[in-house]
Amino acid sequence: MKKLLRNPLSMAGLIILLVFILVAVFAPWIAPVPDMYANNPNHDPYRVPRYGWGNTPQAPSKEHPMGLTHGKYDIFYGIVWGTRTAFKVGLIVTGVSCLVGIVIGSTSAYIGGKFDEVVMRFVDVFMSFPFLIAAIVITTILGRGLDKVIFALVLFRWTGYARLIRGNVLQVKQEEYVMAAKAGGVSHAKILIRHILPNTIFPVLIQASMNMGSIVVTASTLSFLGLGAPEGYADWGQMISFARNWILGTPDNPLAYWYTVVWPGLAIVLFVLSWNLIGDAFRDIMDPRIQG
Amino acid sequence: MLTFIARRLLFLPVVLIGVTLLIFVAMSLLSPYQLVSTYIKSPEELKNQSLDDLVRKYGLDQPVHVRYINWVKNLLKGDLGYSVSANMHVAEAIAKRFPATLELALFAIIPVVLGGIWLGTISAKHYNKPLDHFSRVFAIVGWSLPDFVFGLIVLMIFYGVFGWFPPGRLSMWADSIVLTGDFVRYTGMNTVDALLNKRLDIFWDAVRHLIAPVITLSYLWWAYLLRITRSSMLEVMNKDYVRTARAKGLTERVVMNRHVRRNALIPVATVSGSMVLGLLGGVVIVETVFDYKGIGLLTATGAQQLDYTLVLGTTLFYGLLLVLVNLVVDVLYAIIDPRVRLE
């Protein structure tokens with residue numbers, strides 16, 4: 001942990017991440033729900049407010065510090081509340097797929113034999129599809145929506161963790177203290193949970209935290225393709241898909257609508273960057289091969 | 001060597017059954033009425049027939065195992081159903097669009113591999129020096145840039161501002177020539193066909209349209225390859241035989257190129273399989289951003305219009321492609337690293 005704080009790159013990552021956490025927590029104060037919805041108890045704060053009719057974006061102004069994007073959606077509001085969406089998707093997908101992967105991977109390795117063989121071939125099949133394309137198939141079949149995106153991502157993400165923990169458990173399984181526990185008549189479930197998992201789970205958790213960034217990228221990619229969050233939901237990927245229509249600007253000013261792509265793009269890049277900076281430092285610390 | 005390949009080939013049907021089963025399970029989430037579209041052979045069939053007739057005709061009311069066997073039988077005949085969004089048979093659409101994607105992949109693979117390995121070597125050579133830190137930041141930023149964001153920025157700058165690299169596959173004038181009978185389609189790849197037809201102007205036009213997507217794909221993959229090459233080079237540099245080579249008085253260049261890099265490339269070869277996997281996903285995005293009419297854009301537009309027939313068909317195609325690519329990668333790997341064959 002000390003090494004993490006001493007490295008300027010990972011330090012930068014931690015600071016950026018902290019800013020995002022603060023933005024997510026204080027979203028209702030940073031970008032309050034506009035007054036026009038105050039009397040509507042059914043109003044969902046994740047719905048980005050629209051100011052006016054027509055589609056043409058509007059340059060940043062005092063009321064709308066980052067401007068209005070396609071469909072007059074407020075960019076600043078969308079980015080602030082989109083931070084919450086990003087954390088929500090990232091944390092749920094990582095958490096659930098990690099849990100599923102650990103349970104299936106460790107039991108498979110512990111039981112071993114034919115069972116293990118079958119489970120691993122199963123994992124192989126799941127892993128032989130490109131992650132993004134698999135997610136596209138699932139969201140096409142199930143329909144649009146954030147919950148479906150989360151489901152699709154979990155469905156094709158757990159396999160990586162399962163494979164990782166399986167390898168670790170297979171190693172630890174042979175250790176003498178496991179043998180000792182077995183000889184002492186400790187139940188299988190207890191051996192797995194109390195003796196094996198604590199010694200194998202750590203690398204998986206690190207791997208999982210490093211994948212947060214890529215999960216958020218995939219989720220926003222689905223939104224970019226129009227398969228993710230419903231229209232008008234605060235989501236960075238969707239804001240970029242809005243920007244697509246205006247990317248070429250006006251004939252005399254090709255950069256006329258720069259703000260529609262730059263702000264949401266910056267939000268995604270910084271978010272992912274912060275996770276990757278931390279993960280990269282972690283990897284160097286954990287990887288003893290490089291420390292020659 | 002031959003036994004190694006034979007063993008791999010034996011494993012092939014198992015993977016194929018797995019891949020088809022997975023897609024079939026995904027399909028069975030749809031109701032029989034929705035599924036009819038994945039079976040019919042032309043829109044004509046919808047005339048004079050009720051949906052219930054069609055469901056019965058294609059056996060969609062049968063038990064699961066019967067349906068699976070029937071479906072696989074159809075697949076073996078190359079029948080993937082009729083796509084509403086592409087307005088043609090799925091197999092036909094894939095055959096039509098695949099050359100474009102192949103062309104893009106072929107143009108991208110050389111700068112990706114050479115550039116990535118070169119950057120990784122430089123980074124490892126200057127380990128912990130400014131150049132290394134610089135390339136690391138370059139890699140992390142590249143790794144953090146989602147392809148659709150980077151692609152849009154490339155489009156905005158190189159097309160919007162400078163007007164150099166337009167989206168699409170060909171300019172209007174070139175497209176109209178390609179569509180005439182005088183221009184013979186040999187491969188479906190514009191650059192190759194243009195050269196075979198001795199039309200240099202069309203060749204340049206096609207290349208001009210390829211540059212922006214290739215830049216986008218390359219930058220993102222450089223980041224990945226740089227990282228792997230770097231850490232694998234650093235590992236090898238600590239090996240005894242490298243010290244021996246230095247002690248023999250070999251020049252630094254020979255040590256680096258002959259002793260270090262050759263061995264460091266083995267892990268790089270291992271990831272080439274997963275690179276192809278990622279490249280296929282990346283192609284969907286890049287083709288969407290640059291309106292490049294390949295198989296990725298076909299899948300994306302199909303998905304947007306909820307054309308599951310098309311999406312399932314193309315996915316199956318990706319799956320088969322990957323199985324084959326992985327087989328080739330494994331064989332190449334066994335050639336590079338003889339230790340693998342002994343396992």
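Q: Is Asp291(B) buried, partly exposed or exposed?
A: Start with the scale. Buried means under 20% relative accessible area, exposed means over 50%, and partly exposed lies in between (1.4 Å probe, protein chains only). Asp291(B) has 36% relative accessibility, so it counts as partly exposed.

Q: What kind of model is this, and how are residues numbered?
A: This is a predicted model, where local features need pLDDT of at least 70, side-chain atom pairs count only at pLDDT 80 or more, and totals for chains, interfaces and linings use all residues. Residues are numbered from 1 along each chain as its sequence is written, chains are lettered from A and ligands numbered from 1 in the order in which they are written, and side-chain values use heavy atoms, with hydrogens and water left out.

Q: Where is Asp291(B), and what is its phi?
A: Asp291(B) sits in the loop between α12 (252–289) and α13 (295–304) of chain B. Helices are DSSP runs of H or I with at least four residues, strands are runs of E with at least two, and both are numbered from the N terminus. The phi of Asp291(B) is positive, near 50 degrees, and the residue is not a glycine.

Q: Which phi does Lys198(B) have, and where does Lys198(B) lie?
A: Its phi is positive, about 60 degrees, although Lys198(B) is not a glycine. Look in the loop between α9 (190–196) and α10 of chain B. Lys198(B) counts as exposed, at 72% relative accessibility.

Q: How many helices and strands does chain A have?
A: Chain A has 12 helices and 0 strands. Of its 292 residues, 52% are buried.

Q: What share of the contacts in chain A with a separation of 6 or more joins residues 24 or more positions apart?
A: A contact means heavy atoms within 4.5 Å. In chain A, 71% of the contacts with a separation of 6 or more are between residues 24 or more positions apart.

Q: What span does helix α4 of chain B have?
A: The expected span of a helix is 1.5 Å times one less than its number of residues. Helix α4 of chain B covers residues 64–76, which is 13 residues. From first C-alpha to last, α4(B) reaches 18 Å, close to the 18 Å expected.

Q: Which residues of α4(B) are buried?
A: Arg67(B), Tyr68(B), Trp71(B), Asn74(B) and Leu75(B) are buried. Seen down the helix axis, the buried residues of α4(B) fall within an arc of 125 degrees, so they line one face. That arc is taken from the directions from the helix axis to the C-beta atoms. The face turned away from the buried side carries the exposed residues His65(B), Lys73(B) and Leu76(B).

Q: What covers the buried residues of α4(B)?
A: The cover includes α1 (2–27) and α14 (308–336) of chain B. After α4(B) comes Gly78(B), with a positive phi near 80 degrees.

Q: Which residues does Leu220(B) touch, leaving aside neighbours within four places in sequence?
A: Leu220(B) is in contact with Gly142(B), Trp143(B), Leu145(B) and Asp147(B). Leu220(B) belongs to helix α10 (residues 200–237) of chain B. At 10% relative accessible area, Leu220(B) is buried.

Q: What does Tyr33(B) touch, not counting residues up to four places away in sequence?
A: Tyr33(B) touches Leu51(B), Asp52(B) and Val55(B). Tyr33(B) is partly exposed, at 44% relative accessible area.
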